[in-house]
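User: I'm new to this one and would like to get my bearings. Can we go through it together, a few questions at a time?

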Amino acid sequence: MAFRDRGIEIKTPEQIDLMRVAGRLVGETLELLREATRPGITTLELDTLAETNIRDHGGIPSFKGYSHPPFPATICASVNDEVVHGIPGPRTLAEGDVISIDCGAIVEGWHGDAAITVPVGEVADDVRELLRVTEESLWRGMAAARLGGRVTDISHAIETYVRGEGRYGILEDYTGHGIGTEMHMAPNVPNYGRRGRGPSIVEGLALAVEPMVTLGSKHTDLLEDEWTVATVDGSMSAHFEHTFTVTPQGAWVLTAVDGGAARLGELGVPFGGR
């Protein structure tokens, strides 16, 4: 049984293996949605595709019915200036849009959570660069995690990379989080801050790391649907997320189809997957 250390859930290796099953299902679902994203498709069609794939493979959508008001869909589909928590519907994607697709699944009581931002056809150069910077900052953050380190080592690495690449807004009001038998658990994982702070990174800790970056202001508004978060200045945004853990052998990205082996290897980080 997983146990709590100061409110933080610590898993056994066998439980991390179960999280990998949920995580891989999320990763495979997101790859399916990436391939399906094109001008003319609706966000509701993407949502239906995601729910079908998750349920057909023995999972339960994490997001559907979550919180209050209950989230009504399987994915969050956030377009252009919508950063996170967009509700799928009849909106048709057009050439030049970007869409953040956030997806979660539960398998045997364990959660996986990940997100990608996908260009719809050809997008502006600065938007494509925004996506690259945000995704790279996610990997740099996970690469900074070591057993015995601190959670804000991840935060500092994300912020350092983004700040070094240009004048971007980094959301501060929304953070990554612990994950396991619940989707959102302690500790929070900010996308900015000084290293060496927060809880220790220990074996059995699983974290969902999710930088949210904009081409303009870091400030956001909550829209009337009580879910969608959009930039106040209308600037384009990007959001990438993975669930990962650190084993004695190295980092293991539970929601990456290959466990993160290829990208971690490029960054010189030992792969800790099984």
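User: Between which two strands is the loop with His-85 found?

Analyst: This is a predicted model, and in it His-85 has a phi near 70°, a positive value in a residue other than glycine. Most residues other than glycine have a negative phi. As for its place, His-85 sits in the loop between β5 (82-84) and β6 (98-107).

User: Is His-85 buried, exposed or partly exposed?

Analyst: Buried would need under 20% relative accessible area, and exposed over 50%. His-85 has 24%, so it counts as partly exposed.

User: Where is Glu-226, with its phi near 70°?

Analyst: Glu-226 isn't glycine, yet its phi is positive. Look for it in the loop between β13 (220-222) and β14 (229-231).

User: Which residue does a cis peptide bond join to Pro-69?

Analyst: Most peptide bonds are trans. Pro-69 lies in the loop between β3 (60-61) and β4 (75-79). Omega is about 0° for its cis bond, and the partner is His-68.

User: And which strand holds Pro-187?

Analyst: The peptide bond from Ala-186 to Pro-187 is cis too, with omega near 0°. Pro-187 itself belongs to strand β10 (residues 185-189).

User: Stepping back, what is the radius of gyration of the protein?

Analyst: The C-alpha atoms fill a box of roughly 45 × 45 × 35 Å along the principal axes. For 274 residues, a compact globule would come out near 19 Å, and the protein agrees with that, at 17 Å.

Notes: Residues are numbered from 1 along each chain as its sequence is written. This is a predicted model: local features need pLDDT of at least 70, side-chain atom pairs count only at pLDDT 80 or more; totals for chains, interfaces and linings use all residues. Side-chain values use heavy atoms; hydrogens and water are left out. The radius of gyration is taken over C-alpha atoms; the globule rule is 2.2 Å times the number of residues to the power 0.38. Helices (H or I, at least four residues) and strands (E, at least two) are DSSP runs, numbered from the N terminus. Buried means under 20% relative accessible area, exposed over 50%, partly exposed in between (1.4 Å probe, protein chains only).
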